[in-house]
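Please keep the sequence and the 3D view at hand.

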Amino acid sequence: MRPGSALSLLALGSVAQAAISLEDSSLSPREIENLERSIEARSLVDDIWNDIKNAATCTACQGILVLLKGVAIFGDDAFVSIATGLCKLAKVEDDDVCEGTVALEAPIIADAIRNMDLGSDTSKLFCGSFLGLCPEPSVPQWKIPFPSSKPSTGRPAPSGKTPLKVVQYSDIHIDPLYVSGSTTNCTKPVCCRPYTAADEPGHSTSPAGPNGDHKCDTPVGLEISMYQAIKNIVPDAALTLFTGDIVDHAIWNTSKPYNQKQISDAYTYMSQYLGLVYGTAGNHEADPANAFPPQSISNSSQWVYDALSAQWTRWVGASAEAQIENIGAYSTKYPNGNLRIISLNTNFYYRMNFWLYQEDIEQDPDGQIKWLVSELDAAEKAGERVYIIGHMPIGESDAFHAGSNYIDQVVNRYSSTIAAMFFGHTHVDHFEVSYSDYSKQDASHAVMASYICPSLTPTSGMPSFRVYDVDPVTFAVLDTTTYIADMTNANFQTTGPVWTKLYSAKEVYGSKLNPPVTDPSAELTPAFWHNVTALFESNSAMFNQYISLKSRGWNVASCTGDCQKQEICQLRAGRSESNCVVPSPGLHISKRSDERHGHSHHRAHDHQECGMSAGMKTIGSLAMRKDLLNELQVRVNELRAKA
Ligand SMILES: *[C@@H]1O[C@H](CO)[C@@H](O)[C@H](O)[C@H]1NC(C)=O
Ligand SMILES: *[C@@H]1O[C@H](CO)[C@@H](O)[C@H](O)[C@H]1NC(C)=O
Ligand SMILES: *[C@@H]1O[C@H](CO)[C@@H](O)[C@H](O)[C@H]1NC(C)=O
Ligand SMILES: *[C@@H]1O[C@H](CO)[C@@H](O)[C@H](O)[C@H]1NC(C)=O
């Protein structure tokens, strides 16, 4: 909180004036005048509501910000208390989930709101992410300087040598408090925990099996079953990529020791069952979830980096330790081949990392992008190929346009050196193509493929992992095969999960291309993946098959018309500004992601796969319910009267 801001509010006696006086704002004098007039006339809520109805949504949002500032300047406690009340009133979550989550998240949100100038780019970013009321501001220009120019040599030709196997799994979301026999029918973000006596084993009409349920996170038995399956199916795996998210979705009840133990337990199991594992920082590893402040703001996530470093160094070596402890990222040489693994901390570009809504937005949080450039340049000079791994895919609507744009510039520059990129986070089976020119999205402009691995946690489909065939010389991906444990298999809850091959990309998609791509030594190039998107456009049976594979055959919803267009646009978005996602009032990002992923859950409380934020949902509901705005106005007036 800036010194004196609360005082200035009290002195001026007007929330709008105080908010505006904090800093020179980019609202026009007329807009400020209108805002003040509406406060004096006590018609602010009416004005906001009319603006929303009249689609003047960005203006409406500045009005909502005036109210939120009116609370935030009274301190974190006031903000937490009022936000918790609104969360309950809006029935965003159960009362205890509101209480726990808002207590964890709201101080970070309050800090951002206090320091936010009305009309600034940060305020618009906030309004877009939290309320769906402003388009995302255009990307601040940053032409990334590169130490060398792009070589004219393209991607190396396949060697034709016997492929290696690379394993990937993601979003394991282990629930150590999972209780077999407890209910799968609950109103919380995850079930299969005995929250009440009625949820206890023996009382429920829908008891959880021992090995997992679509309404619940992963029981340890299912986790171990996957590691064993990987060991059995791919005993010769060269290396394994784990793209993050260990901690369960009970985000209202995380704590530093709880998450630390989760991180340590998961990597200990991996080290017992698997060979070389390269991990990356998931948004759920933090406490509160998603909270990864850049070092310039706070060192409060230092413990996550320390916890990850303590686990990862057994695989990446001590030389990567300092980097992990600094920013949760690393670059390391694969010891048995000409490959470098660069693990990015994508939380620095994540919309739900509330630390990022600073009035002065850092162009390159903790210098990660500059560091990435130097690592890639050194790799290129050394003739190494590179895998970039990260948690959140860079083209998703969860990624800020700015960070995504900058990384896309780097990917374009080093597209001959980077063999492929690997992510998780969305829980579903898909991919993204990056282009050298997004206005010319064709095979000849496709420069990179991102492989997005479906989750182990069964909340959006059957538990899954992937195996890539890769060229042992160029490390190009030659095929990707998804394995699942079919939860409808009668043995799933009795003798245990049965892991089987679901499909291979070359078999299902390559064989349908013209010309077909079926040669085992042919690379699945960026152009290949572009051509697959073109196939989805022209062949609805293939597109439907893709939609079904996305959730591994579970809860498959039809996706035609705009849904199909949106889906293909997303597949062609290596950067998020190109993914065609347009915010609409109150529709927060995760809800949209879920809808886009083509399977709604029809639950009392929509389940968010990637990240969940009661704080974000609460603020988002202000754009949809006038009664909540009125309640907020009443609370602001109470605070001011008391002060
Ligand atoms: C889930 O619980 C609710 C409320 O207790 C009940 O009305 C509903 O019938 C239950 N659904 C199932 C599938 O058991
Ligand atoms: C919250 O977490 C603690 C462990 O940190 C656990 O003992 C408790 O049962 C959890 N509460 C719920 C409601 O899951
Ligand atoms: C974090 O910063 C605070 C004060 O700036 C310092 O006292 C503390 O030791 C730091 N913690 C870590 C783990 O570096
Ligand atoms: C992609 O399609 C184009 C034309 O449609 C074709 O020329 C090219 O060979 C295809 N590339 C791959 C890798 O399938």
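The model is predicted.

## Backbone geometry

Start with Pro-515. The peptide bond from Asn-514 to Pro-515 is cis, and its omega is near 0°. Another cis bond runs from Asp-287 to Pro-288, with omega near -5°. Pro-288 belongs to the loop between strand 3 (277-279) and helix 11 (302-316).

Positive phi values come next. Lys-91, a residue other than glycine, has phi near 50°. Lys-91 is part of the loop between helix 6 and helix 7. Its relative accessible area is 64%, so Lys-91 is exposed.

His-427 is also not glycine, and its phi is positive, near 75°. The loop between strand 7 (418-423) and strand 8 (430-435) holds His-427. Is His-427 buried or exposed? His-427 is buried, because its relative accessible area is 0% and buried means under 20%.

## Salt bridges

Side chains of opposite charge can pair when their charged atoms come close. How many salt bridges does a search of the whole structure find? The search finds 26.

| Pair | Distance, N to O |
|---|---|
| Glu-99 and Lys-88 | 2.6 Å |
| Lys-550 and Glu-567 | 2.9 Å |
| Glu-577 and Arg-575 | 3.8 Å |

Take the bridge between Glu-99 and Lys-88. Glu-99 lies in helix 7 and Lys-88 in helix 6 (residues 76-89), so this pair ties together parts that are eleven residues apart in sequence. Glu-99 is partly exposed, with 39% relative accessibility. Lys-88 is partly exposed as well, at 25%.

Now consider the bridge between Lys-550 and Glu-567. Lys-550 is in helix 17 (residues 540-550), and Glu-567 is in helix 18 (residues 562-571). The two residues are 17 apart, and the pair links distant parts of the chain. Both Lys-550 and Glu-567 are buried.

The bridge between Glu-577 and Arg-575 has one partner of each kind. Glu-577 is partly exposed, at 31% relative accessible area. Arg-575 is buried, because its relative accessibility is 18% and the cut-off for buried is under 20%.

Lys-381 is in helix 13 (residues 368-381). Its relative accessibility of 62% makes Lys-381 exposed. The side chain of Lys-381 makes a polar contact of 2.3 Å with the side chain of Asp-377.

Ser-148 is 233 residues away along the chain, yet the C-alpha atoms of Lys-381 and Ser-148 are 9.6 Å apart in space.

Glu-105 belongs to helix 7 (residues 95-114). Glu-105 is buried but has no salt bridge. Which side chain of opposite charge is nearest to Glu-105? That side chain is Lys-617, 9.9 Å away.

What does the side chain of Glu-105 reach? The side chain of Glu-105 reaches the backbone nitrogen of Gly-615, at 2.7 Å.

## The site of ligand 2

Which residues surround ligand 2? They are Leu-177, Arg-193, Tyr-195, Asn-253 and Tyr-258. By class, this shell has three nonpolar residues, one polar and one charged.

Conventions
Residues numbered from 1 in each chain as written. Chains lettered and ligands numbered in written order. Predicted model: local features only at pLDDT ≥ 70, side-chain atom pairs only at ≥ 80, totals over all residues. Heavy atoms only, no water. Helix = DSSP H or I, 4+ residues; strand = E, 2+ residues; numbered from the N terminus. Buried < 20%, exposed > 50% of the residue type's maximum accessible area, 1.4 Å probe, protein only. Lys, Arg positive; Asp, Glu negative; His and termini not counted. Salt bridge = Lys/Arg side-chain N within 4 Å of Asp/Glu carboxyl O. Polar contact = N/O pair within 3.5 Å; in protein donor to acceptor, adjacent residues only side chain to side chain. Near = heavy atom within 4 Å. Nonpolar A, V, L, I, M, F, W, Y, C, P; charged D, E, K, R; others polar.
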